[in-house]
Amino acid sequence: MNNVIYKLSYVSATSGIIRNFSVSAVNNANYSCKLLVVGGGSGGCSMAAKFARKLKKDSVIVLEPSSDHYYQPLFTLVGAGVTSLSATRRQARSVLPSAAKWLQDSALSIDPKKSVLTTTKGDTVSYEYLVVAVGLINDYGKVPGLKEALNDKNSGVSTIFSSDYCEKTWSDLKSFKGGDAVFTYPDTPIKCPGAPQKIAYMADAYFNKSNVRSKSKITYNTCLPVIFGVKKYADILLKVVERKKINVNYKTVLKEVRSDKKEAVFFTACEDKDKVTTQRYDILHVTPPMRTPDFLQQSKELVDATGYLTVDKYTLQHTKYPNIYGIGDCTNTPNSKTAAAVAKQGYVLEQNLLNTMKRDNPKHKYDGYGACPLVTSYNTCVLAEFIYDGVPRETLPRCKLLVVGGGAGGCSIAWRFSKRYNKNDIIVIEPKKDHYYQPLFTLIGAGAKKFSQSHRPTKSILPKNVLWLQDKVDSFDPCNNLVYTGCGYKLRYDYMVIAVGLKNDYHQILGLKDALSNPLAPVSTIYSPDYCQKCWCCMQNFQGGLAIFTFPRKAGKCSGAAQKIMYLAHDYWKKKKLQSSTNIVYSTAGDVLFGVPKYATPLSRIAWDKDIAVNYKLELIEVTPKRAIFLDCKEQTITLPYNFLHVTPPMSPPVCLTKCEDLINEDGYLYVDQYTLQHRRYRNIYGLGDCTSSPNSKTVAAVAKQSYVVAENLWRTMYGKEPTAKYDGYGACPILTSYSRGILAEFVYDKKPCETFAFDQSKERRLVWHLNNSVFPHLYWKRLIKGKWNGPSTLRKFTNPLKT
């Protein structure tokens with residue numbers, strides 16, 4: 001006992017006075033570690049296990065005072081008599097990694113500037129990196145009379161939010177013979193926010209089984225203005241409480257428990273005047289107010305005004321100290337505090353902390369994911385999954401192949417693989433209820449086809465054994481083989497084909513969207529099902545003057561269509577004898593009329609013969625009711641009046657693709673090998689169609705050859721083999737020059753012509769009109785989208801055997 005001084009210290013706590021004996025500073029231990037994890041709950045155990053495997057032995061220290069580890073979500077089932085408390089408990093040593101050192105102690109204070117933590121026993125721990133995972137504690141003292149009532153076995157007051165009292169909840173339910181059953185939700189953040197409702201629903205179910213429900217009144221008092229924070233699930237739960245005849249009082253908070261009188265005092269926030277009410281109860285289930293532990297409350301440099309660890313809500317790194325991270329309920333991230341959140345947070349924290357250890361910036365982002373199985377009876381449940389801002393995020397069964405996009409490319413791939421897989425092994429994500437054959441928009445805009453001929457129901461063109469999810473992709477997570485949808489679903493896949501096409505960027509041209517939407521404005525485009533019919537109306541209403549056709553610098557799908565509609569308009573106005581009073585101008589931001597020299601020359605001659613003026617290097621930047629404003633190569637504006645304006649809008653890949661930097665190149669296109677169409681970074685991802693980075697012309701004809709190459713290579717990838725099929729860049733564009741003639745441009749990479757017929761396809765021919773008007777639509781609906789058309793390469797062997 002010599003040289004040992006004992007001191008008695010008193011630490012304030014909600015459960016009363018705790019006497020901590022610790023040796024003097026001379027005998028206190030000093031520890032040091034690479035990583036200190038404070039808290040041995042789910043978040044702390046997870047992080048300790050992850051880094052104990054990655055770092056040297058004893059590089060990780062876990063600070064946790066309890067010798068027991070609880071799976072707290074089961075406390076609800078304990079309170080409902082479904083399971084025992086022992087089933088929720090394991091010894092802490094059994095769940096903590098053996099390669100980590102466990103200090104059975106709690107934190108007293110942290111000095112983040114010196115990277116030192118002091119324990120309640122007086123020991124010190126020096127750390128390089130710190131993970132705080134201390135959760136929340138029940139603040140019983142905030143509600144007068146609550147602690148005493150919980151400790152009184154005859155009070156009828158219980159809570160499932162503690163291992164000390166969840167068994168009491170079941171005891172109270174069994175003893176209940178009818179009367180008032182009241183359930184509460186406090187005005188502080190809590191762990192598992194669905195649990196207060198769950199135990200109320202389970203109580204209802206038990207009362208029905210024990211034949212006392214008819215003699216019972218169940219009331220749910222919540223501080224919230226809604227029954228649940230995510231609208232999708234709130235709508236469902238409102239029907240549940242209505243069916244169960246549970247009374248719900250909103251903005252109502254428990255302020256006091258008078259167990260001797262079986263009364264509970266509530267405060268209700270009202271618009272005109274707040275009120276205090278007293279409710280009688282026979283059983284009272286209380287969700288206690290909660291807060292972070294004392295040492296965090298006192299660490300002003302680490303926490304916000306309410307005592308929560310201040311971390312970046314995406315990276316989970318402390319906002320002031322980059323060597324500190326937080327996980328779980330104790331952080332100020334605005335997510336729902338659930339055990340499911342810890343799983344996603346754990347992955348993000350692990351990756352970001354590893355980056356920090358390498359002196360790099362954290363790059364992974366936590367999206368606020370949380371989940372809550374809202375048990376509504378002893379055999380029913382609503383599984384709520386959501387991310388930040390209350391956006392639903394539900395998990396669907398894992399699929400073998402996920403096809404994103406139900407256009408020509410997506411349909412072709414779905415059909416090719418549907419013959420090889422069982423039902424629901426393939427999922428197609430496509431938001432549109434109708435599938436369009438877009439090349440027909442030109443003929444609709446010229447009055448040669450009806451709009452009804454351009455589309456069919458999406459459901460009718462997809463294989464029967466493929467699951468169609470009518471939704472759009474919100475974001476990609478290729479590292480985890482995940483896709484998140486706009487309606488809140490989370491999809492896991494083994495392999496993915498991306499064929500999302502391009503979107504029209506109307507907003508890049510000031511005033512264009514308003515002009516297109518105005519039925520009186522002579523402005524149209526055949527690049528959208530919304531406006532191609534308007535083009536025909538504008539052509540019919542045109543009485544002469546200046547007709548302008550534009551083509552942007554950011555070329556998109558079917559670049560030849562911009563000229564096709566112009567030549568058809570010329571032919572139509574010529575038949576109406578408006579030729580002498582009409583001036584047609586083609587303004588392109590490019591420096592050539594067509595990208596392949598062989599076809600550019602005859603098209604220039606055709607434009608010349610039709611008295612069409614071609615302006616090069618002019619970019620349309622604004623549309624007013626009477627003027628089209630262009631920007632030339634010298635950054636000067638040129639204003640032209642118009643009586644008819646056809647606009648080819650700039651185009652780009654959808655936002656869901658461009659916001660995933662791991663998938664795209666610097667221009668925002670899906671980054672694929674131009675020959676195999678396999679993604680450059682992710683071997684289980686392929687792409688085809690307009691959204692890819694392959695330098696081919698974006699045409700429907702390209703999809704035929706691409707879909708064959710993708711199918712062959714993906715099939716080999718699924719068997720662990722290297723892709724061998726090669727896409728040569730084939731594309732084709734039938735450019736109609738009148739209502740009876742046209743030229744057929746076919747080419748591969750490097751702008752090299754690759755023609756199917758033995759004759760010179762750069763000359764105008766009647767055959768091209770018939771192909772475009774009749775043959776190609778039939779080929780599209782019956783062969784291409786069903787994966788039965790690989791392009792004309794086989795046909796070429798017979799029709800053009802001497803092609804070099």
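Accessible areas come from the Shrake-Rupley method with a 1.4 Å probe. The exercises below use this idea on a predicted model.

**Exercise 1.** Describe the surface and the extent of the protein chain, and state what share of its residues is buried.

*Solution.* Begin with the surface: the protein chain exposes about 35,700 Å², and carbon and sulfur atoms supply 51% of that area. Next take the extent, for which the C-alpha trace spans about 110 × 65 × 55 Å along its principal axes. Finally, a residue counts as buried when its relative accessible area is under 20%, and 56% of the 804 residues of the chain are buried in this sense.

**Exercise 2.** Find which residues touch the most other members of the largest nonpolar core, and follow one of them to its contacts.

*Solution.* The largest nonpolar core has 115 residues, and those that touch the most other members are L402, F476, F549, W573, F594 and L663. Helix α15, residues 561-575, gives this core its largest share, namely nine residues. A second, separate core holds 53 residues, including A92, A100, L316 and Y388. Now follow L402: once its neighbours within four places in sequence are left aside, its contacts are I427, I429, V483, L491, Y493, Y495, M496 and V497.

**Exercise 3.** Compare the span of helix α18 with the expected value, and say what comes just after the helix.

*Solution.* Helix α18 covers residues 700-718, which makes 19 residues. From its first C-alpha to its last it reaches 27 Å, close to the 27 Å expected at 1.5 Å a residue. Just after α18 comes G720, which takes a positive phi of about 75°.

Conventions:
Residues numbered from 1 in each chain as written. Predicted model: local features only at pLDDT ≥ 70, side-chain atom pairs only at ≥ 80, totals over all residues. Heavy atoms only, no water. Helix = DSSP H or I, 4+ residues; strand = E, 2+ residues; numbered from the N terminus. Expected span 1.5 Å × (residues − 1). Buried < 20%, exposed > 50% of the residue type's maximum accessible area, 1.4 Å probe, protein only. Core = buried A, V, L, I, M, F, W, Y, C linked by side-chain atoms within 4.5 Å. Contact = heavy atoms within 4.5 Å.
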